[in-house]
Amino acid sequence: MLLAYDDEGPGRVVVLLHGFPLDRTMWEYQTTTLGSLYRVIAPDLRGHGETAAPEGIYPIEDMAEDVIELLDALKIAEPIVLGGLSMGGYVALAIAVKHPKRLRGLMLMDTRAGADSFEASQGREALARRVEAEGSAEPAVSAMLPRLFSEWSRQNRADIVARVHERMLRTPARAVAGALRGMAARPDRTGDLGRIAVPTLVLVGADDALTPPSEAKAMAEAIPNARLVEIPDAGHLAPLENPTAANAAILKFLESLA
Ligand code: MLT
């Protein structure tokens with residue numbers, strides 16, 4: 001399906017996939033900084049931001065095909081660097097597994113390779129039903145928000161916390177439910193990590209409570225050519241909470257691919 005997107009800057013292509021239930025504006029600090037050196041493309045995944053929100057489940061594999069469709073529509077045949085945060089990381093991993101030739105580098109941020117536990121997928125289904133019953137993203141947002149940010153961000157970046165809260169609430173209920181069910185059904189990709197051949201940056205907020213540094217470390221150890229960077233003073237939205245440190249790590253990684 002057709003995705004809304006930003007496409008800015010010259011040079012080699014870097015694609016950034018946002019988390020749930022956010023949109024492409026979460027990359028504001030990356031598009032400005034990386035955009036002077038790279039062509040940064042940030043789509044809104046299905047149901048999020050300005051992209052249409054169909055009814056039904058949003059399988060991660062379908063979200064991955066949406067991104068491939070966008071690359072094809074933009075006639076981007078060269079291998080890209082693909083980055084994804086959390087749900088965007090699930091989508092990035094699906095692309096790395098299904099379309100390895102489209103990549104020359106991978107950035108997995110505040111995400112995990114494993115599938116949901118039975119309890120976690122049941123919890124998502126219950127949440128999807130509440131979201132549908134209330135016709136609003138609110139139940140999902142209030143479940144997530146308290147665990148999203150580092151203590152530092154909560155104390156010092158009330159502006160970011162408020163902005164993220166407001167953007168999450170804008171996501172239509174059917175998209176929140178569709179993405180929750182899609183994430184619940186995603187496969188375990190742990191066994192695929194050893195086959196990722198491209199250089200990979202695994203980036204994680206030191207205080208990420210949702211996808212903690214221990215999981216990021218295990219993921220980096222399982223990918224043959226991966227490096228792990230922990231971002232201080234950041235939780236689950238590291239590139240937004242500490243853009244200076246995150247951008248330094250990302251730029252260093254991109255330079256190493258040149
Ligand atoms: C996200 O930030 O995209 C979500 O935490 C992903 C998830 O719920 O698994």
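How far does a polar side-chain atom of Ser-86 lie from an oxygen atom of the ligand? The answer is 2.9 Å, and the views below show what is around it. This is a predicted model, in which local features need pLDDT of at least 70, side-chain atom pairs count only at pLDDT 80 or more, and totals for chains, interfaces and linings use all residues. Residues are numbered from 1 along each chain as its sequence is written, and side-chain values use heavy atoms, with hydrogens and water left out.

**View 1. The ligand and its neighbours.** Look for Gly-19, Phe-20, Ser-86, Met-87, Tyr-90, Arg-124, Met-144, Met-183 and His-236 around the ligand; a residue is near a molecule if one of its heavy atoms lies within 4 Å of it. By class, this shell has 5 nonpolar, 3 polar and 1 charged residues. Here Ala, Val, Leu, Ile, Met, Phe, Trp, Tyr, Cys and Pro count as nonpolar, Asp, Glu, Lys and Arg as charged, and the others, Gly among them, as polar.

View 2. A polar contact is a pair of N or O atoms within 3.5 Å. A backbone N or O atom of Phe-20 is 2.7 Å from a ligand oxygen atom, and a side-chain N or O atom of His-236 is 2.8 Å from an oxygen atom of the ligand. Taken alone, the ligand exposes 270 Å², and the protein buries 91% of that (areas by the Shrake-Rupley method with a 1.4 Å probe).

**View 3. Two backbone details.** Most residues other than glycine have a negative phi, and most peptide bonds are trans. Ser-86, in the loop between strand 4 (80–85) and helix 3 (87–98), has a positive phi of about 55 degrees. The peptide bond from Phe-20 to Pro-21 is cis, with omega near -20 degrees. Pro-21 belongs to the loop between strand 2 (13–17) and helix 1 (28–34). Helices (H or I, at least four residues) and strands (E, at least two) are DSSP runs, numbered from the N terminus.

**View 4. The largest pocket.** On a 1 Å grid over the protein atoms alone, a pocket is an open set of points with protein on both sides within 12 Å along at least five of seven lines, and lining residues have an atom within 4 Å of a point. The ligand takes up the space of the largest pocket, with more than half of its atoms within 2 Å of the grid points. That pocket holds about 500 Å³ of space, a volume being the space filled by probe spheres set on the points, which are joined across faces, edges and corners. Of its 26 lining residues, the closest to the centre are Arg-112, Arg-124, Met-144, Arg-147 and Leu-210.

Conventions: A polar contact is a pair of N or O atoms within 3.5 Å; within protein, one must be able to donate a hydrogen and the other to accept it, and residues adjacent in sequence count only if both atoms are side-chain atoms. On a 1 Å grid over the protein atoms alone, a cavity is a set of points where a 1.4 Å probe fits but cannot get out, and a pocket is an open set with protein on both sides within 12 Å along at least five of seven lines; lining residues have an atom within 4 Å of a point.
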